[in-house]
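Biologist: I have not looked at this one before. Can you take me through it?
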Amino acid sequence: MEKQPVLELKNVSVGYDSPAGMVQAVNDVSLTIYENSIVGLIGESGSGKSTLGNAIIHLLKNNAVLTNGTIKVMGKDVYGMGKEELRKFRWSQMSMVFQSAMNALNPVLTIEAQFLDVFLSHHKNMSKKEARAKAIELMEIVSIDPTHLKSYPHELSGGMRQRVVIAIAIALDPKLVIMDEPTTALDVVVQRSILDKIKEIQKVKKFSILFISHDFSLVSELAQQVAIMYAGRFVEITDSESLSQLDKHHPYTQGLINAIPQLTADEVTIEGIPGNPPDLVELPSGCAYHPRCPFANERCETELPVISKVEDRSIECHLYDKEREEVFKS
Ligand code: ATP
Ligand code: SF4
């Protein structure tokens with residue numbers, strides 16, 4: 001049976017109005033995520049990942065605007081809905097675990113009250129008793145003793161709060177969950193247990209995840225497919241299995257892979273990508289990566305590369321133009 005698309009992004013651009021000019025945070029990105037799959041979204045800080053996540057669930061900051069493209073979730077245009085329809089659609093069909101979400105719980109409400117709020121605001125006919133039973137079930141799913149429903153957020157550890165946030169995000173069985181750096185603020189051991197929990201729940205509930213991170217090893221372990229973002233563009237979309245073959249990838253992807261800490265016998269070495277991400281108000285001409293790219297040539301400075309299909313990968317780089325021609329010839 002053919003897999004159904006859960007998220008369809010077509011030529012999506014998002015800008016922020018700022019005193020310096022329009023910040024082009026997301027620039028012409030297209031991607032389809034199918035049912036029951038995990039897709040990673042990776043890139044350095046400031047590359048536009050959170051902006052895209054916020055745009056998908058239509059919760060952009062006040063000075064941000066979708067300047068181009070369409071975003072469909074479960075076949076519905078997210079920007080073509082009325083306020084009330086969108087309110088019902090959000091959390092029931094698509095939800096998001098925000099960055100530092102564990103601090104986003106309401107400090108003056110018990111965990112139970114926060115669950116009930118989600119259930120009762122979406123299911124007008126649900127009784128409090130049913131909502132409580134659902135809350136208990138969700139606490140068990142994320143491996144927290146349901147007695148903690150009576151706790152306030154500050155009475156739980158960071159890892160527990162983060163698991164509560166994940167439980168709330170999946171409470172209404174959405175088909176798409178965007179997770180924006182869901183484990184970043186936690187120590188390594190807690191991170192690992194939360195990642196394992198996410199994998200376990202996803203396997204059972206079969207929703208799709210867009211997993212935003214700047215940690216390549218984490219994303220490649222979790223996701224089947226990875227979109228690599230640079231200066232607001234998807235410079236590559238690849239299956240995660242091929243990531244071990246370094247030379248098959250976009251120069252920026254190669255740079256990110258090289259930046260993964262290498263554990264040697266007595267030291268940890270990290271080779272970051274030289275240079276800094278560009279100013280998104282005044283993007284460099286041609287390929288925005290050219291000032292940092294070790295393979296850049298004159299053409300890269302003037303001409304924006306087109307997307308080439310190389311095997312199962314989409315790569316936006318002039319180096320792959322030739323391969324693309326060969327692919328098209330054969
Ligand atoms: P990080 O990994 O640090 O969260 P990111 O890849 O998620 O980064 P975004 O937070 O989406 O990146 O930011 C993309 C760009 O938009 C950055 O250059 C950022 O400075 C800019 N930006 C974000 N919010 C605003 C805002 N409210 N007004 C103007 N520019 C903004
Ligand atoms: Fe580097 Fe040129 Fe490819 Fe851009 S188009 S990534 S500058 S080789």
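This is a predicted model: local features need pLDDT of at least 70, side-chain atom pairs count only at pLDDT 80 or more; totals for chains, interfaces and linings use all residues.

Biologist: Start with the whole chain. How many helices and strands are there?

Modeller: The protein chain has 10 helices and 14 strands. Its radius of gyration is 21 Å, close to the 20 Å from the globule rule for 330 residues, so the chain is as compact as a globular protein of that length.

Biologist: And what does the C-alpha trace span?

Modeller: About 65 × 55 × 50 Å along the principal axes. Of the 330 residues, 48% are buried.

Biologist: On to the ligand. Which residues are closest to ligand 1?

Modeller: Ser-45, Gly-46, Lys-49, Ser-50 and Thr-51 are the closest, out of 16 residues that surround ligand 1. By class, that shell holds 8 polar, 4 charged and 4 nonpolar residues.

Biologist: How much of ligand 1 does the protein bury?

Modeller: The protein buries 71% of the 630 Å² that ligand 1 exposes when taken alone.

Biologist: Which element gives the largest share of the shell?

Modeller: That is α1, with 3 residues. Both α1 (49-56) and β2 (21-34) supply at least two residues of the shell.

Biologist: Stay with α1. Why is it described as largely enclosed?

Modeller: Because 7 of its 8 residues are buried, α1 is largely enclosed by the rest of the structure. The buried ones are Lys-49, Thr-51, Leu-52, Gly-53, Asn-54, Ala-55 and Ile-56. Lys-49 and Thr-51 are also among the residues closest to ligand 1.

Biologist: What happens just after α1?

Modeller: His-58 takes a positive phi there, about 55°.

Biologist: Different topic. You mentioned β2; what is the strand order in its sheet?

Modeller: The order is β2-β1-β4-β5, an open sheet of 4 strands with antiparallel pairing. β2 and β5 (76-77) are the edge strands, each pairing on one side only.

Biologist: How many bridges join β1 to β4?

Modeller: There are 8 bridges between β1 (residues 5-18) and β4 (residues 64-73), and the two run antiparallel. To find your place in β4, take Asn-68, which stands opposite Ser-13.

How values were computed. Residues are numbered from 1 along each chain as its sequence is written. Chains are lettered from A and ligands numbered from 1 in the order in which they are written. Side-chain values use heavy atoms; hydrogens and water are left out. A residue is near a molecule or strand if one of its heavy atoms lies within 4 Å of it. Accessible areas come from the Shrake-Rupley method with a 1.4 Å probe; for residues, only the protein chains shown count as cover. Ala, Val, Leu, Ile, Met, Phe, Trp, Tyr, Cys and Pro count as nonpolar, Asp, Glu, Lys and Arg as charged, and the others, Gly among them, as polar. Buried means under 20% relative accessible area, exposed over 50%, partly exposed in between (1.4 Å probe, protein chains only). Two strands pair if DSSP finds at least two bridges between them. The radius of gyration is taken over C-alpha atoms; the globule rule is 2.2 Å times the number of residues to the power 0.38.
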